[in-house]
Amino acid sequence: HKIHSFDTLPSTQIVARELVLKGAKEGEVIITNEQTAGRGRLGRAWHTSQQKALAFSLLLKPAILPRDVPKLTLVTAVAVIRAIKELTKLPVQIKWPNDIILNGKKLAGILTEMQSEADSVHCIIVGIGLNVNQTEEDIPTELKDIATSLKMEGGQEYRRAALLAKILEEIECLYELYLSEGFLPIKAMWESHAIHIGTTVEVHTIQETIQGIAQGINDDGALQVMDQTGKLHSVYSADVSI
Ligand code: BTN
């Protein structure tokens, strides 16, 4: 991997986009010690404390259709989970679509953005933010109840470089698997790490709120939720609360 490393940036996603315009290749990584305008899903902000978190973007150029891109986010979530489990042994889980949860709080997030022309994907920028060595004081007040770090749960410091290397290794492995074998093996792995399969969830989409039991994901990566009337909903974009 060619790694572009910075001390501070507004957002690695923005720099990744600029590098794509300059001809950056698949596998290039943009990483920074601090973000001043980190971005999350659904237009939210993402906090990256200086030196204590991992914040990076990975450039992918797969020959897939735009509608397959959400699956790649799930591929990444499984890869991040496997890397963290291997290095820390902490019980991390996935909340659909790609929140990484540890002991009920958010540990990491993934933001996938794509550039496409007509019906072909030009490039995908996968942004990963992982809270590593933050302590209680580093977490903004309004996030204290919902966010955590590896150090806060594991009681020790973790090496960011080792985590980065392992996450990239796992993404590479599962990305190859997805491109060669399709989504089914990934789907099984994703479901085995998911927090809410078989439990009652509340799903907030732009149009409606659905209450029901999460059944799993379908072959497109959409969350399947059965409501009280027995109707099955396929959810493509939403926030899920448990
Ligand atoms: C989310 O859970 O809402 C996704 C958060 C993604 C954060 C990462 S940090 C690196 C990359 N750069 C950004 O501005 N966002 C992503």
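Me: How do the residues of the shell around the ligand divide into nonpolar, polar and charged?

Reply: By convention, Ala, Val, Leu, Ile, Met, Phe, Trp, Tyr, Cys and Pro count as nonpolar, Asp, Glu, Lys and Arg as charged, and the others, Gly among them, as polar. In this structure the shell around the ligand holds 6 nonpolar, 10 polar and 4 charged residues. Please note that this is a predicted model, in which local features need pLDDT of at least 70 and side-chain atom pairs count only at pLDDT 80 or more, while totals for chains, interfaces and linings use all residues. Residues are numbered from 1 along each chain as its sequence is written, and side-chain values use heavy atoms, with hydrogens and water left out.

Me: Which residues are the closest to the ligand?

Reply: A residue is near a molecule if one of its heavy atoms lies within 4 Å of it. Here 20 residues surround the ligand, and the closest are Ser-11, Thr-12, Arg-39, Arg-41 and Lys-106.

Me: Which element gives the most to the shell around the ligand?

Reply: Helices (H or I, at least four residues) and strands (E, at least two) are DSSP runs, numbered from the N terminus. Strand E6 (105–117) is one of the elements that supply at least two residues of the shell, and E6 gives the most, with 4 residues. Helix H1 (12–21), strand E3 (53–60) and strand E7 (120–131) are also among the elements with at least two.

Me: What lies 2.7 Å from an oxygen atom of the ligand?

Reply: A polar contact is a pair of N or O atoms within 3.5 Å. A polar side-chain atom of Ser-11 lies at 2.7 Å from a ligand oxygen atom, and a backbone N or O atom of Arg-39 also lies 2.7 Å from an oxygen atom of the ligand. For Gln-35, a side-chain N or O atom is 3.0 Å from a nitrogen atom of the ligand.

Me: Where does the ligand sit?

Reply: On a 1 Å grid over the protein atoms alone, a pocket is an open set of points where a 1.4 Å probe fits, with protein on both sides within 12 Å along at least five of seven lines; lining residues have an atom within 4 Å of a point. A molecule sits in a pocket if more than half of its atoms lie within 2 Å of its grid points. The ligand sits in the largest pocket, whose volume is about 860 Å³. Of the 43 residues lining this pocket, the closest to its centre include Ala-45, Trp-46 and Lys-106.

Note on methods: Polar contact = N/O pair within 3.5 Å; in protein donor to acceptor, adjacent residues only side chain to side chain. Points joined across faces, edges and corners; volume = space filled by probe spheres on them.
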